[in-house]
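User: Can you walk me through the charges on this one? I may jump around a bit.

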Amino acid sequence: MNAPHRVTAVLGPTNTGKTHYAIERMLGHRTGVIGLPLRLLAREVYDRIVASRGPSVVALVTGEERIVPDRAQYWVCTVEAMPLDIGADFVAVDEIQLCADPERGHVFTDRLLRARGLHETLFLGAETMRPAIAGLIQGVQFYKRDRFSELSYTGQKKISRMPERSAIVGFSVENVYAIAELIRRTKGGCAVVMGALSPRTRNAQVAMYQNGEVDYLVATDAIGMGLNLDVKHIAFAATSKFDGRRMRALYPQELAQIAGRAGRYQENGTFGVTGDVRPMDEETVEAIQEHRFDPIRKLEWRNPHLEFGSVARLIASLEATTQNKWLARARDADDVLALKYLCELPEVRDKLTSPQRIKLLWDVCRIPDFRNASGTEHVTLLARIFDFLTGRGLAQTRIPSEWLEKAIARIDKAGGDIDTVSKRLAYIRTWTYVAQRKGWVENESHWRDETRRVEDRLSDALHGALTQRFVDRRTSVLMRRLKQKETLVAEVNDKGEVTVEGEFVGRLEGFRFLQDATASTEEAHTLRQAAIAALKPEFHLRADRFYNAPDTELDFTEQGGLMWGTTAMGKLVKGAEAVRPAVEAFVDDEAGPDVADKVRRRLQHFIDRKVAAAFEPLLAMGRDETLTGLARGFAFRLVEGLGVIPRDTIATEVKDLDQEARGALRKHGVRFGQFTVFLPALLKPAPTRLRLVLWSLWNGLDEFPESPPPGLVTIPNIPAVPVMHYTLAGYHPAGARAIRIDMLERLADILRTKDSRAGFEATPDMLSITGMTLEQFNDLMGGLGYKGERAERPKVKAAPVPVPVDPNVPVNPITEEESAFVHPDPETAPEMEAFYTFTWAPKPRPRPERAPRPERSPRPEGAPRGDRPAREPRKEGDAPRPPRPEGGRPEGNRTESGRPDKRDHSKGGKPQGKGGKRDDHKPKTFEQRPPRAEKPIDPDNPFAALMALKSKL
């Protein structure tokens with residue numbers, strides 16, 4: 001254990017530059033080897049040296065990766081993979097305090113005792129190793145390095161209040177994932193670093209953190225092993241871990257190793273706890289801050305001198321003890337346990353026929369269990385590999401390429417969730433390790449490259465899965481830009497979708513930003529803050545475009561909305577007058593008062609011009625100062641009614657108007673109809689649609705009535721719809737349908753020429769005006785106060801026109817027979833037609849109740865009534881008197897309404913004129929039409945020959 005060459009121990013806490021110092025020392029020699037505790041850290045140091053000296057002189061050797069150029073001068077390795085027999089000028093071992101680790105300590109202890117450089121040897125680690133190193137290595141020089149920055153304890157903090165550039169440390173995969181998910185919801189996302197990650201995945205995750213894409217890192221205790229990160233605060237989400245055998249509390253020096261990663265170089269750092277972890281006691285905090293810990297008294301050791309004469313001798317050498325007071329035999333590691341299990345299997349024991357086979361079995365047992373599978377599953381795989389390597393003869397064989405190809409193909413799938421991809425990555429690490437062993441596979445370079453490609457694909461897939469699950473790139477990017485006070489660039493496409501810095505944040509409808517509904521509550525504030533900051537220029541540009549847009553691009557809805565194309569820009573609200581509505585603009589407060597005022601003014605200009613154009617006759621009448629007295633008051637009533645008023649509501653005002661006043665109003669287009677007083681110009685679709693909206697606003701309706709489609713003469717009369725809604729829409733309800741006001745007045749003009757007492761029949765002009773069938777017209781007339789009586793009569797047909805016959809032309813027997821066939825049979829019943837006779841039969845108005853008559857004294861039986869003489873009592877045998885009709889008058893012929901029936905039922909039909917008499921002496925007239933022009937015979941007609949024969953006859 002003597003030290004023939006210079007051995008130096010560089011000891012101190014984290015952030016003292018020990019690793020950097022070792023690299024600089026190694027590069028000062030011609031050759032060198034440096035051993036690092038993690039594959040991740042080895043890759044990081046390898047990349048640094050390659051950047052400095054080039055890849056042709058730098059080798060990387062780990063359990064799963066081997067890059068050895070032909071002129072390699074500097075070897076970067078994991079501690080387990082360090083070559084001890086190459087005679088390098090310089091040798092360094094990092095994190096030498098891991099000699100006390102129960103799992104890997106014996107490896108570090110072996111390097112402490114046996115790894116030496118020809119000129120210089122460095123051991124890097126914690127101050128707690130000073131006594132042990134001094135006791136084991138004679139002549140060692142100690143070099144103490146102090147921390148560049150200070151550590152301070154901040155106590156307990158919630159994860160939601162964690163400062164930026166923080167790392168939260170957990171000690172299980174489940175704990176790490178739960179913390180990462182919480183940070184994604186509250187902070188936008190985080191990077192994840194675990195020892196089980198491949199270097200490629202770890203580098204991609206660390207790059208996100210270092211580049212500022214995320215401000216938080218969630219890691220296992222792997223973060224404490226030399227990973228140089230820009231971390232300002234370390235928070236412990238747990239202070240105990242499973243060490244492979246049991247759950248135990250972390251030692252103060254282990255806490256210090258992790259907490260020391262906060263604050264890089266000369267920037268101070270902080271540490272604390274989070275979640276359900278109890279605050280640290282003062283003694284532990286002081287020890288971490290002052291780097292005072294109990295020295296390590298025992299190092300884990302395993303006999304490095306193994307004997308392969310037999311399995312028993314190999315196991316005995318592995319279980320050998322030591323008498324050195326600084327060393328303690330390490331407990332059986334996974335490789336020893338696998339050896340003891342496999343040598344008991346008959347199929348394995350039978351092949352252990354030489355020291356070479358026993359050494360091969362030991363090498364197979366040292367394959368790490370990357371999958372953390374059950375003991376039986378892992379040793380079964382080891383037995384299968386040993387069987388392939390031993391074959392049937394005495395010589396060593398190789399793992400079949402076909403079997404290895406199938407095993408790799410089963411896991412070469414990039415799809416799946418984090419757990420699935422992680423499991424595949426653990427499997428491929430096993431085959432990567434196997435491919436790195438010399439002589440184990442055929443075509444070693446091919447399988448090393450193939451396993452590396454599969455691991456890279458799975459690493460990229462795992463990085464993508466971690467990022468997708470634990471990073472909200474949209475929120476993290478926007479938060480970073482906001483924090484750096486950079487100008488955010490917003491883009492709005494033709495669909496209104498808003499992207500800020502390429503990230504979708506929501507939609508812009510007019511001047512209202514509608515945030516993405518998929519955003520969580522925690523990230524909603526960040527999204528809106530970033531979107532509004534980026535949209536401010538867009539708000540002003542859009543306001544200018546909207547203010548200069550023509551009125552043809554704007555419109556109002558039937559519910560009072562104001563639209564710019566398909567975008568809602570505001571709504572109408574009640575104004576000072578019915579024809580002067582106000583507007584309410586839909587503009588976010590963040591857009592600013594200038595934008596809101598410009599949008600409001602543009603909407604007000606639009607609706608003012610719309611009202612002025614649609615109601616120009618009405619507004620002109622309201623401004624006419626020549627109207628005075630009753631005419632001016634009536635004009636005011638029409639303006640209030642928006643140009644349409646039912647006549648029965650203003651019957652008194654109409655009656656009071658003299659002819660001069662009516663004439664003045666008629667000059668403005670007012671029509672005094674029998675049912676409605678209105679301006680015909682305001683019954684067009686555009687004024688009607690606007691009138692319904694303005695009236696609904698003025699009367700405070702929650703739901704506005706919609707105008708009927710233009711061009712309809714009648715529409716259904718729905719009882720639930722108020723009559724006033726029909727009037728405003730330009731219709732008058734009558735029966736089952738409502739008729740347009742102007743068409744109703746045309747019908748009323750015709751009805752005034754008819755005798756409504758004697759009755760009249762519906763004419764074609766009446767049906768043409770209403771566009772109804774006779775049955776529908778009867779229902780309409782009933783709604784107007786008329787009663788229709790249905791009857792039938794023979795249908796009158798036009799008399800046939802006689803056709804002259806030439807006596808010189810012979811008669812075609814076929815034609816004569818057909819003519820006889822088409823002549824009607826005089827004995828056939830005539831075709832009947834229905835008709836209605838309408839009479840004025842308004843519904844009786846309700847009369848006031850009469851006062852009860854005074855009670856009279858009862859009349860004695862047989863006493864005469866009044867002054868009339870009493871009837872003689874009927875005698876037995878007298879003939880019965882005729883029944884007296886109700887009312888004391890003979891019934892005669894009466895209609896259903898009780899009026900005398902003046903029709904002559906012997907002749908049928910209806911009474912003509914007011915007297916109801918038919919003028920039977922009026923002579924009938926007949927008219928002969930000219931003969932129809934002959935059409936030329938079509939030669940292609942199949943009956944052409946017959947038609948030609950007919951013409952000759």
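This is a predicted model: local features need pLDDT of at least 70, side-chain atom pairs count only at pLDDT 80 or more; totals for chains, interfaces and linings use all residues.

User: How many salt bridges does a search of the whole structure find?
Analyst: The search returns 52 salt bridges.

User: Start with arginine 542. Which residue does it form a salt bridge with?
Analyst: Glutamate 538. The closest N and O atoms are 3.6 Å apart.

User: How far apart do arginine 542 and glutamate 538 sit in the helix?
Analyst: They are separated by about one helical turn, because they are four residues apart in helix α18 (residues 521-547).

User: Are those two buried or exposed?
Analyst: Arginine 542 is buried, and glutamate 538 is buried too. For glutamate 538 the relative accessibility is 18%. The cut-off for buried is under 20%, so glutamate 538 falls in that class.

User: What else does glutamate 538 form a salt bridge with?
Analyst: Arginine 545, with the closest N and O atoms 3.7 Å apart. Arginine 545 is partly exposed, at 44% relative accessibility.

User: Now glutamate 761. Where is its salt-bridge partner?
Analyst: The partner is arginine 793, and the N to O distance is 2.7 Å. This pair links distant parts of the chain, 32 residues apart. Glutamate 761 is in strand β33 (residues 760-761), and arginine 793 is in strand β34 (residues 786-794).

User: And how accessible are glutamate 761 and arginine 793?
Analyst: Glutamate 761 is buried at 17%. Arginine 793 is partly exposed at 22%.

User: Switching to the surface. Which residues form the negative patch?
Analyst: Asp281, Glu282, Glu283, Glu286 and Asp294 form it. Aspartate 294 lies in the loop between α8 (282-290) and β17 (299-301).

User: Why does aspartate 294 count as exposed?
Analyst: Because its relative accessibility is 65%, and exposed means over 50%.

User: New topic. How many disulfides?
Analyst: Zero in this structure.

User: What about cysteine 77 and cysteine 99, buried or exposed?
Analyst: Cysteine 77 is buried, with a relative accessible area of 0%. Cysteine 99 is buried, with a relative accessible area of 0%.

User: Last one. Where is alanine 409?
Analyst: In helix α14 (residues 401-411). Alanine 409 is partly exposed, at 47% relative accessible area.

User: What separates the C-alpha atoms of alanine 409 and valine 454?
Analyst: A distance of 9.2 Å, with the two residues 45 apart along the chain.

Note on methods. Residues are numbered from 1 along each chain as its sequence is written. Side-chain values use heavy atoms; hydrogens and water are left out. Patches are made of residues with over 30% relative accessible area and no salt bridge: like charges are joined within 9 Å, nonpolar side chains (Val, Leu, Ile, Met, Phe, Trp, Tyr) within 5 Å. Accessible areas come from the Shrake-Rupley method with a 1.4 Å probe; for residues, only the protein chains shown count as cover. A salt bridge is a side-chain nitrogen of Lys or Arg within 4 Å of a carboxyl oxygen of Asp or Glu. Lys and Arg count as positive and Asp and Glu as negative; His and the chain ends are not counted. The place of a charge is taken as NZ of Lys, CZ of Arg, CG of Asp or CD of Glu. Helices (H or I, at least four residues) and strands (E, at least two) are DSSP runs, numbered from the N terminus. Buried means under 20% relative accessible area, exposed over 50%, partly exposed in between (1.4 Å probe, protein chains only). A disulfide is a pair of cysteine sulfur atoms within 2.5 Å.
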